[in-house]
Amino acid sequence: MSLETVREECHEQLKQLGRTRESLKLIAVSKLQPIEKIRRLHSAGHNIFAENYVQEALLKQDTLKDLDIEWHFIGTLQKNKVKMVVGKFVLVHSVDSFELARAISNYAEKIKTTQKVLIQVNLAQEITKGGFDGESLLKVWSEITALPGIEITGLMTMPPLTDDPEDVRPYFRQLRELQTELLKQGAGRHPLHELSMGTSHDYHVAIEEGATIVRLGTILFGERPRKN
Ligand SMILES: *Cc1c(COP(=O)(O)O)cnc(C)c1O
């Protein structure tokens with residue numbers, strides 16, 4: 001679908017939900033996509049892109065440094081690569097453990113920056129995917145919000161792949177409920193207003209359930225080349 005069409009559909013949906021256009025951010029997921037496609041989407045008027053693999057992301061940032069792009073990191077992040085990521089991405093969506101949060105916090109302090117992050121929640125408790133389950137996030141919440149060097153702007157989830165997008169609605173709803181619960185516990189200086197949920201397959205359902213960020217790859221770029 002063209003960027004224009006996706007935007008218009010989202011705007012229409014937001015209007016019906018009584019939400020403003022500004023209450024939703026579209027992020028183009030460019031992992032494994034060639035540079036020319038990113039340039040093309042950028043010329044069409046899009047400037048927020050997200051990457052999953054550290055090396056690939058840094059190479060793309062360098063190649064595209066002539067463009068005004070807001071880069072996000074959404075991939076699994078190993079602790080030994082924290083140094084390559086902190087300060088280089090506007091938002092890291094994939095903080096999936098307390099240890100990772102602490103590593104980001106430590107390094108951000110060291111380079112005197114504050115890294116905006118989302119906490120990744122794994123609601124279906126899939127072992128193949130990282131992320132906190134709701135219970136354990138609630139347990140470490142006071143410790144994680146006390147870490148300096150990070151600003152927790154919200155939560156992110158990546159539900160199981162299903163044929164019917166309706167199947168993942170409960171997960172999106174649970175993420176919103178978890179946000180409410182955490183805000184009740186108290187988020188201190190952390191805004192916690194973002195809900196990053198919804199991909200090409202299920203973003204309309206996610207928007208209905210209160211997504212403030214949707215992460216769209218295939219629908220904007222076409223099929224992804226395989227990772228080799
Ligand atoms: C790849 C990816 C997406 C985009 O998926 P599409 O189905 O191509 O829209 C979104 N979020 C994460 C975390 C991803 O890894």
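Below we go from the whole chain to two residues.

Q: What kind of model is this, and what are the ground rules?
A: It's a predicted model, where local features need pLDDT of at least 70, side-chain atom pairs count only at pLDDT 80 or more, and totals for chains, interfaces and linings use all residues. Numbering starts from 1 along each chain as its sequence is written, and side-chain values use heavy atoms, with hydrogens and water left out.

Q: OK, how many helices and strands are in the protein chain?
A: Nine helices and eight strands. Those are DSSP runs numbered from the N terminus: H or I of at least four residues for helices, E of at least two for strands.

Q: And how compact is the chain?
A: Its radius of gyration is 17 Å, close to the 17 Å from the globule rule for 228 residues, so the chain is as compact as a globular protein of that length. The radius is taken over C-alpha atoms, and the rule is 2.2 Å times the number of residues to the power 0.38. The C-alpha trace spans about 45 × 40 × 35 Å along its principal axes.

Q: How much of it is buried?
A: 48% of the 228 residues. Buried means under 20% relative accessible area, exposed over 50%, and partly exposed in between, with a 1.4 Å probe and protein chains only.

Q: Switching topic: where does W141 sit?
A: In helix α6, residues 134-145. W141 is buried, at 1% relative accessibility.

Q: What does W141 touch?
A: Leaving out residues up to four places away in sequence, W141 touches I152, L182, Q185, G186, A187 and L192. A contact here means heavy atoms within 4.5 Å.

Q: Which backbone oxygen lies 3.0 Å from a polar atom of the W141 side chain?
A: The one of G186.

Q: Now S196: which strand is that in?
A: Strand β7, which covers residues 194-196.

Q: Is S196 buried or exposed?
A: Buried, with a relative accessible area of 0%.

Q: So which side chain makes a polar contact with the side chain of S196?
A: R215, at 2.9 Å. A polar contact is a pair of N or O atoms within 3.5 Å; within protein, one must be able to donate a hydrogen and the other to accept it, and residues adjacent in sequence count only if both atoms are side-chain atoms.

Q: What else does S196 touch?
A: Besides R215, and not counting residues up to four places away in sequence, S196 touches H93, L118, L155, M156, T157 and I213.
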